[in-house]
Amino acid sequence: MKKTKKDVANDVEKERPEQQDHKALGAKLDLFTFSDLVGPGLPLWTPKGTLIRHLLDDFVWELRQKRGYSKVEIPHITKKDLYIKSGHWDKFKDELFQIKTREGHIFALKPMNCPHHTQIFARKIHSYKELPQRYANTTMMYRDEQTGELSGILRVRAISIDDSHIFARRSQVKEEIINAWDIIQEFYNSFGFKLQASLSLRDPKRPEKYLGNPSVWQETEQILREVAKHKATKTKEDIGEAAFYGPKIDFISQDSLGRKWQMATIQLDMNMPERFNLYCINEKGQEERIVMIHYAVMGSLERFLANLLEHFAGALPLWLSPEQIWIIPITSKQTQYAKEIAKMFQVAGFRFQVRDENETLSKRIREGETQKIPYLLVIGEKEEKSKNISVRRRGKDMGSMRLDKFLKQTIDEISKKDWE
Ligand SMILES: [Zn+2]
């Protein structure tokens, strides 16, 4: 019997040790939940899960801001006219959530952001001096996936994407793609993911699958090859894997279990600017057709987070942990000292808790380890006298340490985004 997509997904599930399953980890660490009333494929994010999403997105923004990006925002619905013009209505109308307004008009929940973003660019005439325009927008998009294909937060109906669209002249494209590639590399390196790039190209034997004419495709595919050469990366070419509007670079990462995931993509698009008549006024005062680059660093934030949880078996790096430190006084006699220490962590901007409840020490330590709290600081009579702390990191006893040394060390660990 032929295996369905669902069977294959289940097989992958079986191969994964339970302590590394993102759904089990998400529940245990209290990051996200689902509700029958809200519906399948629509995750709800708890305070801890939301914090992680924001920290990840802030990191992506930090990398983009340095390279001249601006944030934009768009509504989550649109008249269907936008997708008729972009060509998406013909291709994807069955996967769109459609809305009928009370006046009888058909609107759609956005399944992607590019068409909306073109309308921000098109709000005025741009001089060549204003290009490139780099828009960044982390936002949700919606796809009517079949219920059987949904899987935890790996495959959902409300997908958050750290989207970006660059509107550039042809002469600027190569440099812009290299910049985007740099951002992607820096981001994934900081988690210890190994990245492999592949070029997804058009299948010349099936021209009916793609928008635009073959000479445009040849030109855009050549630009991607040059970028790959510049990056001195061994890339493979996947014929027939291009998007319908342009070729792309796909980044495949390998996680700690040796599994491969498709993560970031950079897509070159000369078709959408044609459809929406996007241009700039060049040095000669003429209208010059521009090019769009689409890319996301994490891609689907949900899928990225699922991979990240499994990659680290839930033990996220210090900078990304929703709770970074638990201060555990051995008896109630040390509670006062524990609270004094806590004040210092508060001033230094840590996320911490004082666990002074009436439980045995070993139970509180075990709970902290189950919750994947990076640092457990145990405070007894000895520590109070010497003004030291006893440090446990990820189940390992690191011994006694001066508080100021610990603070300096952990602040450093956060600023470097260490993951080991
Ligand atoms: Zn796009």
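Are Cys 114 and His 165 buried or exposed? Both are buried, where buried means under 20% relative accessible area, exposed over 50% and partly exposed in between, computed with a 1.4 Å probe on protein chains only. Before you start clicking, note that this is a predicted model, in which local features need pLDDT of at least 70, side-chain atom pairs count only at pLDDT 80 or more, and totals for chains, interfaces and linings use all residues. Residues are numbered from 1 along each chain as its sequence is written, and side-chain values use heavy atoms, with hydrogens and water left out.

**Stop 1: the zinc ion**

Select the zinc ion together with Cys 114, His 165 and His 294. The protein donors are Cys 114 (SG), His 165 (NE2) and His 294 (ND1), lying 2.1 to 2.4 Å from the ion. Donors here are N, O and S atoms within 2.8 Å of the metal (3.2 Å for Na, K and Ca); water is not among the atoms, so sites may look incomplete. Along the chain, the donors follow the spacing C-x50-H-x128-H. Cys 114 sits in helix H6 (residues 114-121) and His 165 in strand S9 (residues 158-168), 51 residues apart, a pair that links distant parts of the chain. Helices (H or I, at least four residues) and strands (E, at least two) are DSSP runs, numbered from the N terminus.

Colour by accessibility next: Cys 114 has a relative accessibility of 6%, and Cys 280 is buried at 0%. The structure holds zero disulfides, a disulfide being a pair of cysteine sulfur atoms within 2.5 Å.

**Stop 2: Ser 86**

Now select Ser 86, in helix H4 (residues 80-86). Its relative accessible area is 2%, so Ser 86 counts as buried. Show contacts (heavy atoms within 4.5 Å): leaving aside neighbours within four places in sequence, Ser 86 touches Pro 115, Leu 211, Met 272, Arg 275 and Phe 276. A polar atom of the Ser 86 side chain also lies 3.2 Å from the backbone oxygen of Tyr 83.

**Stop 3: strand S12 and its partners**

Move to strand S12 (residues 248-254), which is mostly covered, with five of its seven residues buried. Strand S10 (residues 194-201) runs antiparallel to S12 and is joined to it by seven bridges; strands pair if DSSP finds at least two bridges between them. Pick Ser 198 and you will find its bridge partner in S12, Asp 250.

Strand S13 (residues 260-269) is also antiparallel to S12, through six bridges, and Gln 254 has Lys 260 in S13 as its bridge partner. S12 and S13 form a hairpin with five residues between them, and Gly 258 in the turn has a positive phi of about 80 degrees.

**Stop 4: the five-stranded sheet**

Finally, show the open sheet of five strands, ordered S18-S17-S19-S20-S21 with mixed pairing. Its edge strands, S18 (352-354) and S21 (396-402), each pair on one side only. Strand S20 (residues 388-393) and S21 run antiparallel and are joined by six bridges, with Val 391 opposite Gly 399 in S21.

End in the loop between S20 and S21, where Gly 395 lies. Gly 395 counts as partly exposed because its relative accessibility is 37%. Draw a distance from its C-alpha atom to that of Lys 385, 10 residues apart along the chain, and you get 25 Å.

Key: A polar contact is a pair of N or O atoms within 3.5 Å; within protein, one must be able to donate a hydrogen and the other to accept it, and residues adjacent in sequence count only if both atoms are side-chain atoms.
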